[in-house]
Amino acid sequence: MFEADIPTFKIGYLSPLPIIDNAAYEFYRLAPPGLMAVLISVGLSEFSAKDVERVFAPLDGYLDQLMDRGIDMTVQAGTPLAVLMGLEAHDRLLDHIAKRTGKPATSTVTSVVRASKAMGLKKIALVNKWSEPMNKVLADFFARDGIQVCGTSTKDLTPAEFVKIESGNHMQLCYELSRQAILNHPDCDGLYVGGGTWLSVPVTRALEKEFPNHVIICNQTAQMWDFLHMLEIWKPIPGYNKLLAQAH
Amino acid sequence: MFEEDIPNIKLGGLLPLPIIDNAAYEFYRLAPKGVMQVMISVGLSEFSAQDVNRAFSPLDSYLDQLMDRGVNMVAQHGVPLPILIGVEAHDRMIAHMAKRTGLPASSTVLAVARSARELGLKRLVVVNKWTNAMNGVLAEFFAREGVSVIGKTVEEMTPAQFVKLSSSDNLKLAFDLGRKAFHDHPDCDSIYIGGGAWLSEPVARELERLTGKIVLCNQSAMIRDQLKTLNAWVPQQGHSRLLSLP
């Protein structure tokens, strides 16, 4: 009787910050009908390896709660957590999540790198609010898939600072940093606009219109592309950006 | 440049359980475009006044975080929490939330009870998974809005039990209990299906179609009440009557 109302697939999210707003808002603007996000906040409060360790201490408890809700896969959401722990610890974490849940596991940074590779990107510039050491580790994630980071365009802020920026100003900041990245690094063929506290999907759309030779990757579209491929239900989602519009 | 993409209303919500799933799923199926839910989980783990007090001990910090994200109002979600602490403690909490934030404050139980009054309901049956004592307090919330609770149809469960039910089993349970409520209380003019761990809006829509009577549920009541509070309410067709009536 309620077939059309029951979720067909559930994505378990380990969501980084205590507040959940943009992630769900953009997820449900992009998601095909029947795809549900099952969110649990891990409550990161600062960008430090110590805080990442603290928030993942109860990891198995989080995973068990997600499993209770019948998820089909899990995502460790938020690139800063992955880059603060480093490649090896990140890979171990995903292995553990997959083993504990018996379901496929991914992470934002994994989705972003996979999506960049699928779009054939070779040289990208990074746009975000993270520190130089964090961006160096992020470059390592891209490097192991053959993608070179050719520069950054950043405004280094703490979570306590950037969560207070008003939505419109935040999108404007995202747009300006991204534009600057393309102008300052004309040899790049794409950008990765990182961060979940600004609404980045509309910015990617505007930038790809302004710079038609570039591909702009952001968290939400990369994750959606990756989820739908992992669940083997990929269909192009037109109207947003090149990544979501592509046939495969 | 991004005027059409910027949310025009942000609804700050203190959500009851550590997991947020149905709440956001149903909200974004029902809410008008441009309305964003800004959610923070208070992490209730059991139905006890003690656990409610624990979950709300960092209340001011939660409210400050919601304010940082530019919310237009704040709401305490989840009916079990207010009915565990009682009418007076609930009212004090809502008053504190309004004072701390300088914004309108509400709760699920207020939204449901106010909606029932607004729709002219008088004789209501409650359908949920809560205890007798909890349903006794719930009736007080309705009573002060002039709505009598004339019966209940309940399958009592703990959060630890009901979060493990599959979506389809949960929906079926809501539907079966709702249908039984109408069958056992033919003199009621409505039922209220409480609880957020089941997807209740589709059940409300179907039961209204079968019985011709009004079925209240949390999501629809919250969307209606919050948008009315912010003078942004526009009825929308295709859902239950709470959302389609002016």
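Biologist: Which residues in α6(A) meet residues in α11(A)?

Modeller: On the α6(A) side they are T108(A), S111(A), V112(A), R114(A) and A115(A), and they meet N219(A), A222(A), Q223(A), W225(A) and D226(A) in α11(A). Contact here requires C-beta atoms, placed from the backbone, to lie within 7 Å, and helices (H or I, at least four residues) and strands (E, at least two) are DSSP runs numbered from the N terminus. Bear in mind that this is a predicted model, in which local features need pLDDT of at least 70 and side-chain atom pairs count only at pLDDT 80 or more, while totals for chains, interfaces and linings use all residues. Residues are numbered from 1 along each chain as its sequence is written, and chains are lettered from A and ligands numbered from 1 in the order in which they are written.

Biologist: At what angle do the axes of α6(A) and α11(A) cross?

Modeller: They cross at roughly 80 degrees and come within 8 Å, which makes α6(A) roughly perpendicular to α11(A), a label used for angles of 65 to 115 degrees, whereas under 35 is roughly parallel, over 145 roughly antiparallel and the rest oblique. The axes are lines fitted to C-alpha atoms, for helices over the stretch in contact, with angles running from 0 to 180 degrees between N-to-C directions.

Biologist: OK, the sheet in chain B next. What is its strand order?

Modeller: The order is β7-β6-β8-β9 in an open sheet of four strands with parallel pairing, where strands pair if DSSP finds at least two bridges between them. β7 (148-154) and β9 (214-217) of chain B are at the edges with a single partner strand each, so one side of each has no neighbour in the sheet.

Biologist: And β8(B), what does it pair with, and through which residues?

Modeller: Strand β8 (residues 190-193) of chain B pairs with β6 (residues 123-128) of chain B in the parallel sense over four bridges, and four bridges also join β8(B) to β9(B).

Biologist: Are the residues of β8(B) buried or exposed?

Modeller: S190(B) and Y192(B) on one side, and I191(B) and I193(B) on the other, are all buried, so both faces of the strand are covered; buried means 20 or more other C-beta atoms within 10 Å of a residue's own, exposed means 12 or fewer, and partly exposed is in between, with C-beta atoms placed from the backbone.

Biologist: Which strands does α6(B) lie across?

Modeller: Helix α6 (residues 108-118) of chain B lies across β6, β8 and β9 of chain B, at about 160 degrees to β9(B). Helix α10 (residues 201-211) of chain B packs on the sheet too, touching β8 and β9 of chain B, and its direction makes about 170 degrees with that of β9(B).

Biologist: Switching to the two chains: how many residues does each give to the contact between them?

Modeller: Chain B gives 31 residues and chain A gives 32. On the chain B side, β3(B) has the largest share, with six residues.

Biologist: How does β3(B) pair with chain A?

Modeller: Strand β2 (residues 19-20) of chain A and β3(B) pair in the antiparallel sense over two bridges, and I19(A) has I40(B) as its bridge partner.
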